[in-house]
Amino acid sequence: MFVHVKYLFIGKKVPQTTRARFCVSLLGEIFIRVFILMGLLLAQSVSYGPVLAANASSNYSQSGPSGGVVIGSFANEANARRASSLAFTALANRGVNADLQIMPSANNGQALFRVIALPQADASSRRLLSTLRDNGYASAWHMNDVPNVGIVPAAPEQPTAVTLNEQSQQAFATPVSANTSVNSGEESTRKLPQLLNTSAGEQTVYGTEAGVDLNKLAMATFVDAEVGVEIDGKIDESVWQDIAYFDNMRVSIPDIGTPGKYATKMRMFATEKGMYISADMEQPQDTLVRRMSRRDDFIDRDVFGVTLDVSGEAKIGYWFFIALGDSQSDGKVLPERRYQRDWDGPWVGKSAVTENGWSIEMFLPWSMMSMPATAGARDIGFAASRIISHANERYQWPGYGVTSARFVSALNKIEVQGVQPRAQMAMIPFIAATSDQVYNESDVRVGADLSWKPSPKVQLSATVNPDFGAVEADDVVLNLTASETFFPEKRLFFLEGSEIFNVMPRDDFSALYRIALNEDYATTSRRVYLNDFVPVPVSLLNTRRIGGTANQVGIPAGLTPERGQRDVPTDLLGAAKVTGTNGSFRYGALTAVEDDVSWLARNNANELVKISDDGREFAVARLSYQLAGEAKKSVGYMGTFTSGPLYDAEIHSVDGHYTSSDGRLIADGQVIMSDRDEVSGYGALFDVLYASKPNLRHKFELDIMDDQINFNDLGFLRRNDYVKGRYVMLYNKQNLTEKLTNFRSAFSVQQQYNLEQGQVTDSAVLWRTSVVLPGRNTLRTGIGFLPERYEDIDSRGNGAYRVDAGGWFEMLVATDANKMFSYSAGITAQQEHLGDVTYGASAGVTIRPLDVLSMDFDLRYKKRNDWLVYQGNRDFASFDGDEWQPSFDLNWFIAPGHQLRWNMQWAGVRAEDTGFYTIPVGDGDLQAGVRTQTDYDFNLGVFTTQLRYRWEIAPLTDFYLVYNRGNALRSGDETDVTDLFSDSIQDPVIDSVVAKLRYRFGN
């Protein structure tokens, strides 16, 4: 694919129509190749679809005494005998004639004892199955051939009069996996049993984590068309009452491990289409906290959620949370706790208030998750959690704390029969109309996103003529340095299946943030954090580059692009992605083609003209191989290719990974080679995370990047020419004293040198802490010592100047997030490069007068003193200034599925010149420079606001109506803060109205 793109486009001016035809041809070629592959797979009988139905038809084609009905499986023979005795009495009371026997069996090497009902002579085992199901045995399944060898007679143990309800409670508390389900004939029209008062389900212990048992349990399987569950949060369908519940929650935050105060009765069952989950949660009604929010927002409220590893291989988990009020959150988690909340799945979940508390129902389709095909029983990793807002606690099952060494590889196991991967087919066409008031232009775009997963071995995604903008807004960031700001990806197409391209832990900004701050993201208090000195990602793939601002536009002499043109995103003609697994191999490929770039510019006569150039082409390839063994070991390759009108960039890397069997030691390494515009560079990354105790971890990092490496055309690398070492110690203690809880600490030491000069360019000793105070208030503090070092980046390659040793301090206090009004306040101080100190303060309030309405107001202020700002060549000017950053965010849920959001952010600076300096030849202390103007005073304002209405019609089906306005204004005229704010709003560079409808078709 790399060669194909390169051959067509490198160094050539290709007309837009040709490029469009190529894009369509490329996407078509991918589809054709996948169709051929699927045909081969189908020819080898790698089947999909409603396997349950096929098996059911096969089972019911036979009848007679050779068949039997399995009504329970037990790991202990004594339990099987007791169950058979109770079943014998219960069935006899109902007038059901059947011979009950016990048959030894095995499953994955584990001994089992199956209680089997055999029909009377000349009777039909098929009719017996129907009779048993109608009499309370919903999980019973048919066995075609019952062997005559090894059958142990089930002698009744002192039969007594036992009701069917008692029998269900005592003998069949464990949900039994169904090997087959009724699909046709008489049994397909049966009604579900009457409501039964089932008891707690049984489970066996298969392992431990941090001293806490890991459980294995069985789950029943039904035909989806028969269950009749309406996802409304009310657990009132008969199928729920016929299934045993599980209540094993323990308190994991704070990490005390005691059983939860309130009961949480979870039930679950499978169908050929997906997994159904319910939870009946005990809690006093006057303590319930119901609040609505945007998807994936974590705020203080009552929440229930589950994590599933449908592969059973501990490679990736999917987490799904539903809050009281129906707000959803979902995402993925990579081993062991690399949480990602960017993924959105088409699932359904609802909540309801009950007499004793509240309840939820979920339906999670198999088709949205990567599930390998398997023969026989399947093990699914499972964890459940519940947040009780008023108690400031989080329950979890398994009940170990959030600091345990393992998570993804230490889930409970659910055994389920008769579930196979579901073929996924989805198409999301969309239409977007934009009215641009700045340039008096209107545009209508029609396109589509497509997704097809015909096999667990391959998934194909494509997007044609996509509209990626206008409905999401990035935060305003004031950055006058030479270091680029990292923005996370928000576009659905690039997020789906992106985990295959996550090579190193440092690909993920949220994982870096969690390590730097040792945060557990508890919702106890208003959510404000210490954001200084947090590392940014180092990654070969930063998909924000695709369709981002153009960086390969040739600007003819005498032309100057209009203000804001360099920041306009580039349109895409199309993109395609293939991901999948095959045995121990995982693979992924991505390609995208941009449209031509057209900028407005002014010539020397101040006339408005256009600058046009070709867009870029991108390609990515990823392959990894999992080595056998108890510990997890893998090796992989990743390469990227970017072709543009000015130059090409080609990147190759090899990576290796190791995780010990107990999860306490995790090591990752990557070696990188770049070839950008025929200039080669090399680099490497190494990470080690070691948990010496459950509450004490150590992180070691090493970076080596030579002065020629550069993968920023498609990746993210803040700088090259450096070697850096970093150590972080992470410690937590749940009860520091009787009144101080959830103490968390992160101590880090780092040192960085540039390779060319051998200068120390980054050196710091940092200590951050957080602790929960009485009244659910949280105190966060940070202190740091910054030794003497050199600054060699802000000069844009024009030398390095020495910076004296300095320090940093920050403190934040946040109040109880459970209240209608929650507040935060903070102070900060940091030494500037010339030795003076910049002081800062922040304040904020969150107001939640109603469950459906929330408002956030925040204000940050900095008093800049001797602030150095680059002026060109080797020159810097120093400034005293005032920096203001107010923000406002309103969310109103007008009705279920209807949200109105207004967000406004502004950053403004008034800076007065206090000095002028230059970097000496040979580097060293800054020296007085020669001015070329009287003063360098400046005013800067960056403004953005978005008013957005969203109607969530169905999962991943939305209508948006959005107004965007933004500006970036820099002026040398003297003005006050209010005038600067007013000027930022007026004469915008972005002023548009967008209407967008996307509708998902698919399973």
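What follows is a walk through this structure, from the whole chain down to single pairs of side chains. The model is predicted, so local features need pLDDT of at least 70 and side-chain atom pairs count only at pLDDT 80 or more, while totals for chains, interfaces and linings use all residues. Residues are numbered from 1 along each chain as its sequence is written, and side-chain values use heavy atoms, with hydrogens and water left out.

Let us begin with the chain as a whole. Its secondary structure comes to 11 helices and 51 strands; these are DSSP runs numbered from the N terminus, with helices (H or I) of at least four residues and strands (E) of at least two. Of the 1003 residues, 55% count as buried. Here buried means under 20% relative accessible area, exposed means over 50%, and partly exposed lies in between (1.4 Å probe, protein chains only). The accessible surface of the chain is about 41,200 Å², and 53% of that belongs to carbon and sulfur atoms; such areas come from the Shrake-Rupley method with a 1.4 Å probe, and for residues only the protein chains shown count as cover. Among contacts with a separation of 6 or more, 66% are accounted for by residues 24 or more positions apart, a contact being heavy atoms within 4.5 Å.

Now turn to helix H10, which spans residues 509-517 and has Ala 511, Leu 512, Tyr 513, Ile 515, Ala 516 and Leu 517 as its buried residues. These residues pack against strands S15 (338-340), S34 (696-705), S35 (722-735), S36 (741-753) and S37 (760-773). Just after the helix, Asn 518 takes a positive phi of about 55°.

Side chains of opposite charge can pair when their charged atoms come close. The structure holds 42 salt bridges, each defined as a side-chain nitrogen of Lys or Arg within 4 Å of a carboxyl oxygen of Asp or Glu. In one of them, the side chains of Arg 506 and Asp 703 meet at 2.6 Å, N to O. Arg 506 lies in the loop between helix H9 (492-495) and H10, and Asp 703 lies in strand S34, so this pair ties together parts that are 197 residues apart in sequence. Both Arg 506 and Asp 703 are buried. They also belong to a network of salt bridges that links Arg 506, Asp 687, Lys 699, Glu 701, Asp 703 and Arg 726.

Asp 858 is partly exposed at 27% relative accessibility, whereas Arg 526 is buried at 5%.

Aromatic rings are the next stop. A search of the whole structure finds 33 aromatic pairs. Rings of Phe, Tyr and Trp (its six-membered ring) pair if their centres lie within 6.5 Å; planes under 30 degrees apart count as stacked, over 60 as edge-to-face and the rest as tilted. Phe 269 and Tyr 276 are stacked, 4.9 Å centre to centre with 15° between the planes. Phe 269 is buried at 0% relative accessibility, and Tyr 276 is buried at 6%. Phe 382 and Trp 397 instead form an edge-to-face pair, 6.2 Å centre to centre with 75° between the planes. Phe 269 and Tyr 276 are also members of one aromatic cluster with Phe 222, Trp 240 and Phe 363.

Met 427, Ile 431, Val 444, Val 446, Trp 951, Ile 953, Leu 997, Tyr 999 and Phe 1001 make a nonpolar patch of about 780 Å². Patches are made of residues with over 30% relative accessible area and no salt bridge: like charges are joined within 9 Å, and nonpolar side chains (Val, Leu, Ile, Met, Phe, Trp, Tyr) within 5 Å. Strands S21 (424-436), S22 (441-455) and S48 (938-954) each supply at least two residues of this patch. Leu 997 is found in strand S50 (residues 990-998) and is partly exposed, with a relative accessible area of 34%.
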